[in-house]
Every structure is written in C-alpha cells, then in structure tokens.
Amino acid sequence: MLYNQVNNVKIKFIKTDPTSMFITTKQRLSVYLTLCGIILGAVMMQAIQASTPQVPSAEEALQFVEDLIKKGMDVANNPNASEKDFGELLEKNFVTKEIANFVLGTHGRGMTPEQKERFHQLYKKRLVQIYSTPEKIKTFKNTTHIINPKTTPESDGSLLVKSTFTNQSTPNAQPAKVDWKIVKKDQKLFIFDILFEGISKLLTERQDYNAIYTASDKGNNQAEKFLSYLDKEVNGSKTH
C-alpha cells in the first residue's frame, strides 16, 4: 500500500506494480509478475474499440498469447534494451484510449473532451514510466513460461488462457499463475483482462485511479485537480 496526498488529503491505494501486490515472504512471484505486467499491463480493455466481442478459437487464442509473451521476452533479454524500447513496445501494441476510459470509469462523465484527451496522454505516459524502468527490465531475464492448452469460455465473452511463469535462476520455486482473457473484435485478438494469481490487473488499476480522483476536492474543479495531480506526478520524479 502507498499513501499519497492530493489537495492536502491523504489517500491510500494499491500499487499498480504487480510485483508489489504479490510478493510473498519467499518472494517467489516478484520476477514473474513484473514480466507479465510489463508485457500486457496496458492492453486489458483494448477490445472495447469495436462492436460486440466474439469468442476466439482455442487455437488462435493460444497462439496469440504465445507470440505476445515471446515478443516481450525478446525485448527483455536484449542486452541493449532500454526504457525507450519498452516504452515503444507498450505504446505501439497495447496502450489505447479505450483502456484509459475504462480505468477512469464513471469519473469521465464529468470531463470535457479536452480533459479526457489530457487523461489519455497522462495515463499512457504514467504506465510507461511504471513498467519500463531499468529495474523492471532486469527482473525478467532468464524467465520461462508454460501455456496450458486447455482453454475456458468465460461469461463475459472472452476465452481464458492459463499460463505459469518460472525463473530459471530459482527453478525449485513454485511457478506463478497468470491467466489471460482473450476476445476477438474486427478479426483481431485482444487481451480483455489479465489475472495474476486470480487477481484482475484491470480492476486493480481502476481502483488506483479512483482513489486518486476521489481524494481531490469535490466541486466543479475536481476533474482539473485530478489531472493536475497526475501531470505533476508524471512529469516529476514519482512513479508507483
């Protein structure tokens, strides 16, 4: 948990960094959850941008997850990888306005189009800062994964793909469980949500931003104060 302050009001919220949420006393999950968070932390609601979602076939969903994980690992294990490389990976493949809108939730109803656009840009930059630090890049070298070939249709119209991650430097540690909810829209596959040990990354991020927003002073300027806080955080030295 972290305490932050907005307009002299302390707020308490869950960190968006998945490693902070799941580290046990044995620290068996830190490497694996950092890996998955960097690769797909930003794509969970990209499926919103088209009409009604479809359930993809098991074959295409499994291949989609496999390709996406390998792409992230290729970048991570590149000896010349930098924060810029990870930032480009996130922005090019995952970050969308639809994701930011879902994370913002009902607070977006009181925003002007200009304020929403500011939030989209701040959200993108903040996410890149959180998941592309040198420390995060180092943590997922020598990591292997296994994807369960058995998929499960979910009630929300997605197809659940289960996987486990193991660090080769600690092969005797219990693997971390990471589940992916996949949907198909306009003939393309997207991640609808990602669950770390059963906990939704999508909902965790939404709680984070909700806590920041509700801590702002109530009134006509609440949205502006929320954006000003994020602007100072993103363009300063603070990351969660």
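How many residues does H9 have, and how far does it reach from its first C-alpha to its last? Select H9 to find out: this helix has 13 residues and spans 18 Å between those two atoms, close to the 18 Å expected at 1.5 Å a residue. Keep in mind as you look around that this is a predicted model.

Stay on H9 and color its buried residues: Gln222, Ala223, Phe226, Leu227, Tyr229, Leu230, Glu233 and Val234. Now turn the view to look down the helix axis. The buried residues of H9 fall within an arc of 155 degrees, so they line one face of the helix. An α-helix has 3.6 residues a turn, so residues three or four places apart point the same way.

Next, bring up the largest nonpolar core, which has 18 residues. Those with the most contacts inside it are Met111, Phe119, Tyr123, Tyr209, Phe226, Leu227 and Leu230. Helices H5 (97-104), H6 (113-131), H8 (201-215) and H9 (222-234) are the elements that each give two or more residues to this core. The biggest share comes from H9, with six residues.

Zoom in on Phe119. Leaving aside residues up to four places away in sequence, Phe119 touches Ala100, Leu104, Tyr209, Phe226, Leu227 and Leu230. Apart from this core lies another, of 17 residues; pick out Val65, Trp180, Ile182 and Phe196 among them.

For a last stop, select Asn210 in helix H8. Is Asn210 buried, exposed or partly exposed? Its relative accessibility is 34%, so Asn210 counts as partly exposed.

Technical notes:
Residues are numbered from 1 along each chain as its sequence is written. This is a predicted model: local features need pLDDT of at least 70, side-chain atom pairs count only at pLDDT 80 or more; totals for chains, interfaces and linings use all residues. Side-chain values use heavy atoms; hydrogens and water are left out. A nonpolar core is a set of buried Ala, Val, Leu, Ile, Met, Phe, Trp, Tyr and Cys residues joined through side-chain atoms within 4.5 Å. Buried means under 20% relative accessible area, exposed over 50%, partly exposed in between (1.4 Å probe, protein chains only). Helices (H or I, at least four residues) and strands (E, at least two) are DSSP runs, numbered from the N terminus. Contact means heavy atoms within 4.5 Å. The expected span of a helix is 1.5 Å times one less than its number of residues. The arc is that of the directions from the helix axis to the C-beta atoms.
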